[in-house]
Structure formats: C-alpha cells, structure tokens
Amino acid sequence: MKRHLLEAADLDRGDATLVLDTAAQIDQALAGREVKKLPTLRGRTVVNLFYEDSTRTRISFELAAKRLSADVINFSAKGSSVSKGESLKDTALTLEAMGSDAIVVRHSASGAPHRLANWVRGSVVNAGDGTHEHPTQALLDAYTIRQRLGRLEGVRVAIVGDVLHSRVARSNVRLLHTLGAEVTVVAPPTLLPVGIGTWPVEVSYDLDAVLPKADVVMMLRVQAERMNASFFPSAREYSRRYGLDARRMGALGDDAIVMHPGPMNRGMEIAAEVADSVRSTIVEQVGNGVSVRMAVLYLLLGGNEPA
Amino acid sequence: MTNHLIKGARPYGGEPADILVTDGRIAAIGDSLSATGAEVVDAAGLIALPGLVDLHTHLREPGREDAETVETGSRAAALGGFTAVHAMANTDPVADTAGVVEQVWRLGEQAGLVDVVPVGAVTVGLKGERLAELGAMADSAARVRVFSDDGHCVSDPALMRRALEYVKAFDGVVAQHAEEPRLTAGAQMHEGDRSARLGLTGWPAAAEEAIIARDVLLAGHVGARLHVCHVSTAGSVELLRWAKSRGVQVTAEVTPHHLLLTDACAEGYDPVFKVNPPLRTDEDVQALRAGLADGTIDAVATDHAPHAVEDKESEWAQARPGMLGLEQALSVVVETMVETGLLDWAGVADRMSVRPAAIGRLSGLGDRSHGRPLAPGEPANLLLLDPTTRVTVDPASLASRSRNSPYAGRELPGRVVHTFLRGVPTVLDGKATR
C-alpha cells in the first residue's frame, strides 16, 4: 500500500483486495462481540478534517478510528481557524505539529488531499474532494457487491446519473475496473464529462436498455441545482428518463442489486419502493463503510499484514 | 554617455562582427572595428538580436506591489533580453484613465531598465459595460496604442465592435482576451480527458475559438485592427489562418508556456501550472508552434503573471491563474522553435521584437523606437545570447518578486548575457546593472 489513499488509482488489484479482505476479517473479529473495539491503533491520532458538511462520512470515519482505539479529533471548517481565513497549508502544518498520524480530509476543491499530502508527513485519506474522487466510498461499494454477489470479476455494474460532477462515480469506475468488473455509465449526455471516451467503461444514454444486463445498478444523487444550469429540463423529465422506479426494477435480473451512496432524493433518481426493496443495499453500504474505513486506517497506520 | 564596442557577436546568428554603439545608436557593424574610449564588451560566440518586445506583461503596480512592481518586473524583463514591455491594465486601480497609465509609464521611466508601455483598459473597471476614455489614454504621456481588458473578455459583441471602430482614430488596437464567459464558468483547466479524470471543471477550446471567430468577422466588417492575446488552441490557429487569408487585419500572440507545456502538468494539482487560458494538449502545442513558424501567429508574448506565494500555495480551485515568463521566454523559444528547426534567429527576432513592436506601434518612434533591425543608425536596443549554455531554472534566483515559475527545476537552453537599451547596458554578464 502507498502511504496515502488519495484516489482509487492508488490501489492496485492486490492492495484493493487486501483492503476488502481486511475489512471482512474485521467484521468477523467483531461479530457477536459486545465490545466492538480493537486495540490496534491505540496511541495513534486520526484527524477528521472536514471542509464540507458530511454527516455520514464523518461519523463513519470517526467510528472506524474509535473502534481501532485511535484518538480522534474532529476538525470542521465552520467555527474553526479556517473560517478566520487560515489556509489549507497552515491548517495542515498545525495538525502536523500536534502529532497527527493520519488526516482524513473532505474538501470542496478537487485535488485538495493531493496538496495536503505534500505538506504533511502522516498519511492522508481522501474522504471526498470536489468532483474528483471518494475512494473509500468505492471500496465500501466493492465490499458490498462482493458480499452480496460473492465476486467482483465480471460483475456488470451500471452507474446511473450525474457522472460529470460525481466523485463517487470516478472512484467506482477506477476501482471496479481494477477489480475486474465491467462498468457501464448511464446518464443524459450533459451529465457525462467530455473525455469520457478514455475511461474504461461503456457509455449509454438509455437506462432501459442497460438494466436487463446489469448485476448491479448504482444510482447517483442528482443535485437540484443542476436543473437551473440546463443540464436537464426538469426534475420530472430526469426522473422519467433516468430514475429507477418499481417498473424499471422489474427489468432487472433475479439477483441484481440496487445501490446508492446517499443521501437519496427519493422520488427523483430512486423511488421509495426501490430504495426499501430487498434488492437495495443502501443500509448495508453504510454499515460496511465503517469496516472498510477501519481496514484502510489499519493498513495505512498499523501495518500491511491482515488483522 | 559611455560608448560600447561589442566584439565578435553574431548578428542574427550569422558571421561574427563587431558592433559599435555610440550615443545610444548603432554606429557601425563590421570586422575589427575600433573606437577610442569605448568600453569593450567581449561577445565572442554570442548571438546578437534586437531587444525583445513583450506585448503582454503583468507588472502588478499599482495595487499588488507584494507580487511585482514596475521596477522588479522591468529588471526581470531586461534579464530576459527585453527592451520594451506592454504593461497590462488589470491593476488596482485599473489602468482605465490617463492618470493611471501615466503613473505606470512614469514608474517605468524611473526604473529605466526597459521601456514600459502601458496598455489601457477597453472598458471602465474591466467590467465590460462601457468604454473607458480610450482617447485620453492615447493622448496622454503614456501614448497608449494597445487596449485590452485582459483577464476578462470583451464579451458583449456590440461593445467589442464599438471598441474596434473607436480606436481606429488613433491607430490603436484592441487586444482581446478570447474567452466566452458563459462557457467557462468555474473553469479550472483544459476540458478533455484529463479534466474529466481529475474532476476539475473544463475550459473548452471552443470558448476561445468562438470569440476569435466572432471578432475576426467584426474586425473585417468595420475594417479595424484586432489583436488576439495568448492563443492556445489548434482551432484558433486555423481560424486566424482563415481570417488572414481573407485580408482581416488580425494579429495574434502565443505565450512561451503554451509552446512548451501541456495539460499533463495539472496532474498533482500544483497550481503553479494553473493559467488562463489553460495549458492544452500536445496537439495544440504542435499547432501553435507551426502557426508561429509560418507567421499565422505573429508574436511570442509572455503573459508574465506574478502571484504572491499565498495565492499559489493553495487548493487548485482557489489559486489565481498565471505564471512567470519574462526571464525564461527566450530560452523556451530556443527550445521549442530554434532547436526544433522551426525558426532561425532572424525568425526569433521577427516574432519577439519586430512584429510585436509593429503591433504596439513602437517601430516609428525615432530614438524611442523598438523592433528595428540591427543596422547602423538604429537605436541600440539589443541583446546578446549565449545559445550553448543550459540553465536549470531556480525560482529563488529570479529577479521577479514572485516565485511562480512553471519551469522550476527544468533545464532550458540559452542565457541572456548582455542587454542594451538605447546604448545603455541594462544587463551585463547576466546581471542587471541597476
């Protein structure tokens, strides 16, 4: 493993598999235990540096670090020195001086974790940077797929929605490709980046044509503000063409699963009866997020052998 | 005034000759010249070129003297072999009145290292709403002939048309920053494979090309001169070639960085490589070189854009666009155009001195002319270049007050050894004289 986890491309197939296997071992070790805590990172300090609001990711990382017995500091940009104009570099050097071993960073600017990695000696984990990547989300998605379907090699994954602005999509495309899955991205052409032709994916504008062949459908959140920028005419039209409703779910194969990184817009990209169906892995994804992030922190800080 | 006898230089890379400089002018060029009382400058093996003229320099004064001043920028220019630079208007306050352009001009005279030629803003405050007092700036002591809202596009087509027409009265030219703003909202880098992967908002080539296409049509329609700043795409070169073939009075410049660097530099998110227009693809670089070689692109202009450390040591999206260029411009041209065989030394002189001076209307100013040939009777504006030395760029050793050089750690060919402005050495042995 590299020292940092900045993007999915930092993981080769061996590394990625090691993370997933480690997460599975952690799950087993903690299963049925009353005290869900391992002593592995006792005395180490993990800083959650969150420049964007994110309840689920921050709590997930916090829980992961605490279950490994690390000391955790939550540093959110609001109400901190950042709101007084402190630069990312100065914040990084301050945290470094306080002896942080790992910085988990969420930032609205693509590449901010890469910059941070130049300025600190400890490990940097990207918890979502702008419209670039969110590698631990991709890891927990891969873990969830493997758990449900038993494999990743050859699994056909459709990623549906605002690929252009989605860090989840970028990380998933890269990681799923690394792990041997076959990815199709489905979106209106306005929500696909120019240059997508070089990605290791199939591209489709037609959700109905893709669904019968998909083992996994991963729905992306669509931000309301995209509507005002003419990416699509209306929420209703988007939902009609690219939303996953009960009728479309019926076109899926028997074992196919439906994923969503959350938070969902019920009724927009995903219908309530789909989100709450047995195919949906949405709640499992959240739970698996903690295990996978424990594995990442353990491997970056604790050692390279499985727990 | 001390006279100088420059021994053994090779004018335009040709046969070695002596150049006698007296009273600010070139007195003679020939074999074994001698002159009593003249200071001898050993220039054996050095290439003599006319002093370079930059159409596009940001000197940051007034307003951001922490990033650059007229004096520090002038020193950087002289060290790069320049004898005249056009100072862009996006200062604070904006150079949109006779008062501000005269202030910049006077600061240049005081520094005395290059002729600082102010560019006037096209519109008040660079806001793109109404014309600045272009005539007042033209008539001022600064004698403004080039007008630009650089950093912003004059995007309103009606306003652009009026500006093009209006400056004809004093033989001015509008230098357009070609960027359709509705296509570049939030743009961070060239839109293509890399922007898609890096998650940085794309700056499409079409946003530049659409404005160039519109403006050459407007310039042709009203019979006015148009200059296009920092052309960055292969499509722009094609449009310019088409417009010139139709007789439109359009000229264009390319920056050294667009001749050398590509959007691959954005990998790693170091904002020292963030610039507007952005670094493009290798295909664009090759088209720009070809366009400069065949004259479709008239000039190399630096777009020297100093920025304070805190404006670059940040997240990519928060960093200000722009990079230093004055001190390495000639070396980059040597690497990309001379060593590749695309331009000879006379061609370098044409694209970096003769044509930019003509565009800025600096060629016919008598003693204060620039872009004149190396010939007896001409003002002694010249540089002497050692073409064989290769220098590794160290931002800390630059004369600019800022450090945002995209060439840090890169080895480039050529070193400016001496520069003369009207017979007065501004650089001797690679060091500024003041």
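Two residues are taken to be in contact if their C-beta atoms, placed from the backbone, lie within 7 Å. With that in hand, the two chains can be toured one region at a time. The structure is a predicted model, in which local features need pLDDT of at least 70 and side-chain atom pairs count only at pLDDT 80 or more, while totals for chains, interfaces and linings use all residues. Residues are numbered from 1 along each chain as its sequence is written, and chains are lettered from A and ligands numbered from 1 in the order in which they are written.

In an unreviewed entry, UniProt places the feature "binding site" at A:Lys84, A:Arg167 and A:Arg221; UniProt positions are given in the numbering used here, feature names are shortened, and annotations may be inferred rather than shown by experiment. A:Arg221 sits in the loop between strand S8 (216-219) and helix H8 (225-228) of chain A. Helices (H or I, at least four residues) and strands (E, at least two) are DSSP runs, numbered from the N terminus. Leaving aside neighbours within four places in sequence, A:Arg221 is in contact with A:Pro261, A:Pro263, A:Met264, A:Asn265 and A:Glu269. With 18 other C-beta atoms within 10 Å, A:Arg221 is partly exposed; a residue is buried if 20 or more other C-beta atoms lie within 10 Å of its own, exposed if 12 or fewer, and partly exposed in between, with C-beta atoms placed from the backbone.

Chain A as a whole is divided into domain 1 (8-133 + 286-302) and domain 2 (135-285), with bounds that come from an automatic or database domain assignment. The C-alpha centres of these two domains of chain A lie 25 Å apart. Where they meet, 26 residues of domain 1 of chain A are in contact with 21 residues of domain 2 of chain A. On the domain 1 side, helix H1 (13-30), strand S4 (123-129) and helix H12 (282-302) of chain A are the elements that give two or more residues, and H12(A) provides the largest share, 7 residues. By class, this side has 12 nonpolar, 8 polar and 6 charged residues. Here Ala, Val, Leu, Ile, Met, Phe, Trp, Tyr, Cys and Pro count as nonpolar, Asp, Glu, Lys and Arg as charged, and the others, Gly among them, as polar.

The two chains also touch each other. 18 residues of chain B are in contact with 21 residues of chain A, and helix H5 (residues 193-198) of chain B gives the most to the chain B side, with 4 residues.

Chain B is likewise described by domains, namely domain 1 (4-47 + 377-399 + 407-432) and domain 2 (51-368). Their centres, taken over C-alpha atoms, are separated by 27 Å. The contact takes 24 residues from domain 1 of chain B and 26 residues from domain 2 of chain B. S17(B) gives the largest share of the domain 1 side, 6 residues, and by class that side has 17 nonpolar, 6 polar and 1 charged residues.

Chain B also holds an open sheet of 3 strands in the order S6-S7-S8, with parallel pairing; two strands pair if DSSP finds at least two bridges between them. Strand S6 (52-57) and strand S8 (115-118) of chain B are the edge strands, each pairing on one side only. Strand S7 (residues 82-87) of chain B pairs with S8(B) over 4 bridges, and B:His86 stands opposite B:Val117 in S8(B).

A UniProt "binding site" feature, again from an unreviewed entry, is placed at B:Asp150, B:His177 and B:His230. These residues span 81 residues in sequence, yet no two of their C-alpha atoms are more than 9.9 Å apart, so they gather at one spot. B:His177 lies in the loop between strand S10 (173-176) and strand S11 (189-190) of chain B and is buried, with 25 other C-beta atoms within 10 Å. B:His230 belongs to the loop between strand S13 (226-228) and helix H7 (234-245) of chain B, and B:His230 is also buried, with 25 other C-beta atoms within 10 Å. Beyond four places in sequence, the residues that B:His230 touches include B:His56, B:Glu253 and B:Asp303.
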